[in-house]
Structure formats: C-alpha cells, structure tokens
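Dear colleague,

I am handing over the structure we spoke about, and below it you will find my notes on what turned up in it. Please read them with the coordinates open beside you.

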Amino acid sequence: MSIEYTWVVNARNTPLLKKKCNHCDSNRFYCSDKFRLNAQKKNIDIWLIYRCVKCNTRYNMTLFSRIRTESISKEIFNRLSENDTELAWEYAFSRETRRKNNAEADLDSVEYEIQFDEVSLEQMMASGSEVLSFTIKCPFEFNLRISTVIRTCLNLSSGKLNQLIDADAVFVHGKPLQKKHKVQNGDIVNIQKEILKSILYNGENQIEVGLEK
C-alpha cells in the first residue's frame, strides 16, 4: 500500500518564440493570447497572434489554413472568435503547432509555481505505507525536469536527491527515475519511505517537506 499526494505545476506565462524580428534587433516574440480569423467564402484561415517583445511587430502563427468552417466545432469556433485565453495557451504550448510552423520555443522563458503543503517528516512517516506516491499535475509541457519538482517539493539538495536515485528509491510509472526525465501531466512518482527517511533525517525533531495545497 502507498500514501498518495499531488503536486500541481502551474505555468505563469506561455513560452516566447525564438524568431528574428524584421523591424528591430529582437529575436523573441510573445503570445498575445489573441486569434485572427479570415473567412473567404466557405473557407477560413485562423492564426494565433504573436508580438515582438521590443517593437510589437506582429507575427501570425498558422493554426488552420483554408479549411471549411463546418470542420471546426461550434464550441471551438466561438472560443477562437472570443479570444479565449485558455485555448490560446493550449496552442502556444503545442509542440505540434510549432512543428507545423517550423517555429522554435524558448521553453526556458516559462515561469512556473508548484502548489504544495509543508508537512513534517514525522507526519509522512506516521503512515503504515512503505511507498509515498506523488501525482504531478502539469497541464502544459515545457521541459521541466521531474527531479526539479521532487527537489522543490521535498526540499532536497542535489546531493540528497542523487542518494535517492542511486539507491533506486525513486520510480516514475514503475521505472527508475532518470535525471533527464521531463514532466508530463499525470506522472506518478513513487518513493521508498524508509530510504527517504534515512536520507532526510538528521537528528532534528522535524524536517519540512512539501505536499499539495
């Protein structure tokens, strides 16, 4: 048996695009969270609008090109027409959309926060489970390493995390954690409780680690 918790990763902004501006010396564009729609008879073109971070020059990223209006659901069409921010973010984070436009994102430009509660080691170890299970909720992928989330939420140093990994005490979906592993929504991290305890416990009465808010 295991005790389960959740870590929630929230992006604070969409990734910048690595693109040279034709009007200034900038090489980054930001997502405006707005769409452009252009209907021609029964066909429609739809773009996601980006702006240069320095001079505000516009760049249109193609989402749909010369498609029939009836091929888009009424719900999606309404959201596009109303500049729905959530939908804009979905496209801005979409690898497939960038691939179709031969565009490259500056994923390091994404700022984020992780929601978790601080719980003492004693509280965690009071459970009868041998494994602590953490589900990572992260709606948007931006190359965030799972190891970074673990270090942040459990307040681990790089050395202590390395000890856990070397001891084969951390698993993601049943496979040993690799430092290169990137976060995907729904990732499940399992940590052997006794090994974590032996690494974290340093003689103090309590050591604070993070769990979900």
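Which residues does I150 touch, if those up to four places away in sequence are not counted? Before the reply, please keep in mind that this is a predicted model, and that every value below was computed from it. The residues touched by I150 are W7, N155, L156, L161, V170, L177 and V189. I150 itself is placed in helix α5, and with a relative accessibility of 0% it counts as buried, since the cut-off for that class is under 20%. Its C-alpha atom is separated by 9.8 Å from that of I136, a residue 14 places away along the chain.

Next, the packing of two helices. Helix α1 (residues 74-81) packs against helix α2 (residues 85-92) at an angle of about 95 degrees, with the two axes 8 Å apart, which means that α1 is roughly perpendicular to α2. On the α1 side the contact is made by I76, R79 and L80, and on the α2 side by E86, L87, E90 and Y91; sorted by class, these comprise 4 nonpolar and 3 charged residues, with no polar ones.

On the aromatic side, the structure holds 11 aromatic pairs. One of them joins Y50 and Y59, whose ring centres are 6.3 Å apart and whose planes stand at 50 degrees, so this pair is tilted. Both partners are buried, Y50 with a relative accessible area of 1% and Y59 with 16%. Another pair is formed by Y112 and F142, with ring centres 5.7 Å apart and planes at 40 degrees, so this pair is tilted as well. Y112 is partly exposed, at a relative accessible area of 28%, whereas F142 is buried, at 6%. Y112 and F142 also belong to one aromatic cluster, together with W89, F93 and F140.

Most residues other than glycine have a negative phi. N155, which is among the residues touched by I150, has a positive phi of about 55 degrees although it is not a glycine; N155 lies in the loop between α5 and α6 and counts as exposed, at 56% relative accessibility. D168, likewise not a glycine, has a positive phi near 55 degrees; D168 is placed in the loop between α6 and β10 and is partly exposed, with a relative accessible area of 47%.

Technical notes:
Residues numbered from 1 in each chain as written. Predicted model: local features only at pLDDT ≥ 70, side-chain atom pairs only at ≥ 80, totals over all residues. Heavy atoms only, no water. Axes fitted to C-alpha atoms, helices over the stretch in contact; angles between N-to-C directions. Helix = DSSP H or I, 4+ residues; strand = E, 2+ residues; numbered from the N terminus. Parallel < 35°, antiparallel > 145°, perpendicular 65-115°, else oblique. Contact = heavy atoms within 4.5 Å. Nonpolar A, V, L, I, M, F, W, Y, C, P; charged D, E, K, R; others polar. Phe/Tyr/Trp six-rings, centres within 6.5 Å; stacked < 30°, edge-to-face > 60°. Buried < 20%, exposed > 50% of the residue type's maximum accessible area, 1.4 Å probe, protein only.
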